[in-house]
Amino acid sequence: MRSTRPLPPVAVTAVDLVRVVMPLVRPFTTSFGRQTVRTVLLVRIRGGAADDTEVVGWGECVTPAAPVYSEEFTDGAALVLRDHLVPALLRDGREVGAEHVGGRLRHLHGHRMARAALEVAVLDAQLRAVDRPLADHLGAVRDRVPAGVSVGIPDGGTDALLEQVAGYLAEGYLRIKVKVEPGFDVAPVTALRGAFGAVALQVDANAAYDADAPDHLAALDALDELGLEMLEQPFGPARLRDHARHAPRWRTPVCLDESIHDAADAADAIAMGACRIVNIKLGRVGGLVEAVAIRDRCQEAGVPVWCGGMLETGIGRAANVALAATEGFDLPADTSASDRYWAEDLTEPFHLLDGHLAVPTGPGIGREPRPEALRDAEVERLSG
Ligand code: SMG
Ligand code: MG
């Protein structure tokens, strides 16, 4: 991370897992399924600052309930946090800093979303202890970030999609991302172009296409004619060679999401010609340290990056917005306003102002759960 001022560690007294069930304002359907509620898993770190005052830090684990986006899922994340990640973090002493999440957990594989939640919670506590905002710590270069919106495959088909997109454009979102899958792709996206003209439009397939199926390739070739900003993750996460095989034929840049787990993956994908844009999600890549490393590697290669989203509450969104405020994150992010997801966010809400979200200015991530939102939450104490 860019910060030149080292952060004192926090003396951890407890790590809690807090589960909160949050209904979405509308179902969110992608090529891998339909979600109507999020079971949000939060990591809460409690500890003492250098001057012995109490500090609390929060991180959001972005796993879906089932292993549909990647191998990770919420119950698995809770188990690995409880039985492996938290014990490893505290094994060599209770004085902990965010950098220890990389070091003390190095021998454990995978579970990046769980790891990221722990890293952000520790960092949030450390930053609150010294009264410093996360965006400052990361070297933010803007105080608001351009917001896009990701639109699921609607129950009502193309008509419903047109209506939803019209609503989001009226609210001021700066670009529209539409979920596609074989059978719901060329026709709805052509209809969007027809209805909304030159609006910034992109599609995300969440790995739903088969790189050897002629009908799938014909649909992707037709999408390429529609002047899209990017085509996100058409093929499987492990299929870099498939992306590299087809991407050169398209004018539309391929953006990789599920395929990129760390900076080395990004370097490989770029070297192979598998992508020309990278979606960075701090959960998918194991935290902010790796997210920034990927950004740096992409910048060296002249590859644009942007900040993705995983239907976060205000806790996860606050960290995303701070990351999206740093150098290089110039494309609109999947960081939409709270009311795009929730009737009532877990935290003070994020609002859309002139197509942007304001970067939090409070200490740490700058957001915390409202006490009444946590009142009925299920809490599992892990230590302390
Ligand atoms: O947070 O607004 C959001 C959702 C953005 O489309 C979005 N995320 O593949 O990029 C993606 C999807 C994964 C969401 S599944 C929880
Ligand atoms: Mg995606």
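Biologist: How many residues of domain 1 are in contact with domain 2, and how do I read that?

Modeller: Contact means heavy atoms within 4.5 Å. Here, 32 residues of domain 1 touch 42 residues of domain 2. Keep in mind that this is a predicted model, where local features need pLDDT of at least 70 and side-chain atom pairs 80 or more, while totals for chains, interfaces and linings use all residues. Residues count from 1 along each chain as written, chains are lettered from A and ligands numbered from 1 in written order, and side-chain values use heavy atoms, without hydrogens or water.

Biologist: Where do the domains run, and how far apart are their centres?

Modeller: The bounds come from an automatic or database domain assignment. Domain 1 covers 10–131 + 371–383, and domain 2 covers 136–358. Their C-alpha centres are 24 Å apart.

Biologist: Which residues are closest to ligand 1?

Modeller: Near means a heavy atom within 4 Å. Ligand 1 has 18 residues around it, with Ser150, Lys177, Asn206, Leu311 and Tyr341 the closest. Each domain gives at least three residues to this shell.

Biologist: How does the shell divide by residue type?

Modeller: You get six nonpolar, four polar (Gly counts here) and eight charged (Asp, Glu, Lys and Arg) residues.
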